[in-house]
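Here is a short report for a reader meeting this structure for the first time. Please look over the sequence and the model before reading on.

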Amino acid sequence: MLGLSVEQLRADMNRLLAILFHQGVLDEQFLQLQQLQDESSPNFVSEVVTIYFHESEKLLRNLRALL
């Protein structure tokens, strides 16, 4: 893990999330997604975000074709 402790990784992740919230990239919906994640689905947020980007890419491609 490149020599980083779990605490350092968590702190880095929290700083990144704070920056993304401040920039308006993330909002309350992200917090709601985080609340749905639990031990039975530890990658829930990651999976939802991946699906979102995949579907967005498809929609943008379709819009480009229509334009």
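## Terms and source

Helices (H or I, at least four residues) and strands (E, at least two) are DSSP runs, numbered from the N terminus. The model is predicted: local features need pLDDT of at least 70, side-chain atom pairs count only at pLDDT 80 or more, and totals for chains, interfaces and linings use all residues. Residues are numbered from 1 along each chain as its sequence is written, and side-chain values use heavy atoms, with hydrogens and water left out.

## Overall fold

The chain has three helices and zero strands. Along the sequence, the pattern reads α-α-α. The radius of gyration is 16 Å, well over the 11 Å that the globule rule gives for 67 residues, so the chain is more spread out than a compact globule. That radius is taken over C-alpha atoms, and the globule rule is 2.2 Å times the number of residues to the power 0.38.

The C-alpha trace spans about 50 × 30 × 25 Å along its principal axes. Accessible areas come from the Shrake-Rupley method with a 1.4 Å probe; for residues, only the protein chains shown count as cover.

## Inside the chain

Buried residues make up 9% of the 67 residues. Buried means under 20% relative accessible area, exposed means over 50%, and partly exposed lies in between (1.4 Å probe, protein chains only).

The largest nonpolar core has five residues: Leu17, Leu26, Phe30, Leu33 and Val45. Such a core is a set of buried Ala, Val, Leu, Ile, Met, Phe, Trp, Tyr and Cys residues joined through side-chain atoms within 4.5 Å. Leu33 touches Phe44, Val45 and Val48, leaving aside residues up to four places away in sequence. Contact here means heavy atoms within 4.5 Å.

## Salt bridges

Side chains of opposite charge can pair when their charged atoms come close. A salt bridge is a side-chain nitrogen of Lys or Arg within 4 Å of a carboxyl oxygen of Asp or Glu. By this rule there are three salt bridges.

One joins Arg15 to Asp12, with the closest N and O atoms 2.2 Å apart. Both residues lie in helix H1 (residues 6-23), three residues apart, about one turn of the helix. Arg15 counts as partly exposed because its relative accessibility is 49%. Asp12 is also partly exposed, at 33%.

Glu55 is partly exposed at 35% relative accessibility. Lys58 is partly exposed too, with a relative accessible area of 35%.

Arg61 and Glu57 also pair, at 3.4 Å from N to O. They sit four residues apart in helix H3, so about one helical turn separates them. Arg61 is partly exposed at 43%, and Glu57 is partly exposed at 47%.

## A nonpolar surface patch

Which residues form a nonpolar patch on the surface? They are Val49, Tyr52 and Phe53, with about 320 Å² of accessible area together. Patches are made of residues with over 30% relative accessible area and no salt bridge: like charges are joined within 9 Å, nonpolar side chains (Val, Leu, Ile, Met, Phe, Trp, Tyr) within 5 Å.

Tyr52 is found in helix H3 (residues 44-66). Tyr52 counts as exposed because its relative accessibility is 54%.
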